[in-house]
Amino acid sequence: MADEAAEERAAATHEEDLDALAASRFRVGVVLTLIMLVVYFGFILLIAFNKPLLGRILTDGLSLGMLLGVLVIFTTWVLTWVYVGWANRVYEPEIRRLRG
């Protein structure tokens, strides 16, 4: 009887840990997604409503619009690296621990 109760408590704790990890992954995903949406739609809105600003020449052959476009792509890479780093540091070790 005591063994069954201990197993139930262990299973409940395991499930709570798994739920907490899933919530953490969801939060990270939402934050990174929101950052990307702000960057992307900010760029698109600049294209739509402020073309003269984006057409401003910074140096020979490089406009502000081109630079910002490259920065949008670079931001995608950076956010991907942030997620992969978080997953390798936090998510994967915790999954291995829970599989135990």
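Student: Why is Glu-94 called partly exposed?

Tutor: This is a predicted model, so every value here is computed from it. Glu-94 has a relative accessible area of 22%. Buried would need under 20%, and exposed over 50%. The value for Glu-94 lies in between, so Glu-94 is partly exposed.

Student: What makes Arg-97 and Glu-94 a salt bridge?

Tutor: Their closest N and O atoms are 2.5 Å apart. The cut-off is 4 Å, from a side-chain nitrogen of Lys or Arg to a carboxyl oxygen of Asp or Glu. The pair is within it, so the name applies. Arg-97 and Glu-94 are three residues apart in helix α3, which means about one helical turn separates them.

Student: How do you know that Arg-97 also bridges to Asp-17?

Tutor: By the 4 Å rule again. The N to O distance between the side chains of Arg-97 and Asp-17 is 3.3 Å, so this pair counts too. Arg-97 lies in helix α3 and Asp-17 in helix α1, so the bridge ties together parts that are 80 residues apart in sequence. The count comes to two salt bridges. Asp-17, Glu-94 and Arg-97 are linked in a network.

Student: Are Arg-97 and Asp-17 buried or exposed, or in between?

Tutor: In between. Arg-97 has a relative accessible area of 47%, and is partly exposed. Asp-17 is at 27% and is partly exposed as well.

Student: Why is the pair of Tyr-40 and Phe-41 called edge-to-face?

Tutor: Take two steps. The ring centres of Tyr-40 and Phe-41 are 5.2 Å apart. Pairing asks for centres within 6.5 Å, so the rings pair. Their planes stand at 80°. Elsewhere, Tyr-83, Trp-86 and Tyr-91 form one aromatic cluster.

Student: How far is Thr-75 from Tyr-40, in sequence and in space?

Tutor: They are 35 residues apart in sequence. C-alpha to C-alpha, Thr-75 and Tyr-40 are 9.3 Å apart.

Student: What makes the largest nonpolar core a core, and which elements give two or more residues to it?

Tutor: A core is a set of buried nonpolar residues joined through side-chain atoms within 4.5 Å. Twelve residues make up the largest one, including Leu-21, Met-36, Phe-43, Trp-86, Tyr-91 and Leu-98. The elements giving two or more residues are α1 (2-49) and α3 (64-99). The largest share, seven residues, comes from α3. In soluble globular proteins, nonpolar side chains tend to be buried together.

Student: Which residues does Tyr-91 touch, not counting residues up to four places away in sequence?

Tutor: Leu-21, Arg-25 and Trp-86. Of these, Leu-21 and Trp-86 are members of the core, as is Tyr-91.

How values were computed
Residues are numbered from 1 along each chain as its sequence is written. This is a predicted model: local features need pLDDT of at least 70, side-chain atom pairs count only at pLDDT 80 or more; totals for chains, interfaces and linings use all residues. Side-chain values use heavy atoms; hydrogens and water are left out. Rings of Phe, Tyr and Trp (its six-membered ring) pair if their centres lie within 6.5 Å; planes under 30 degrees apart count as stacked, over 60 as edge-to-face and the rest as tilted. Buried means under 20% relative accessible area, exposed over 50%, partly exposed in between (1.4 Å probe, protein chains only). Helices (H or I, at least four residues) and strands (E, at least two) are DSSP runs, numbered from the N terminus. Contact means heavy atoms within 4.5 Å.
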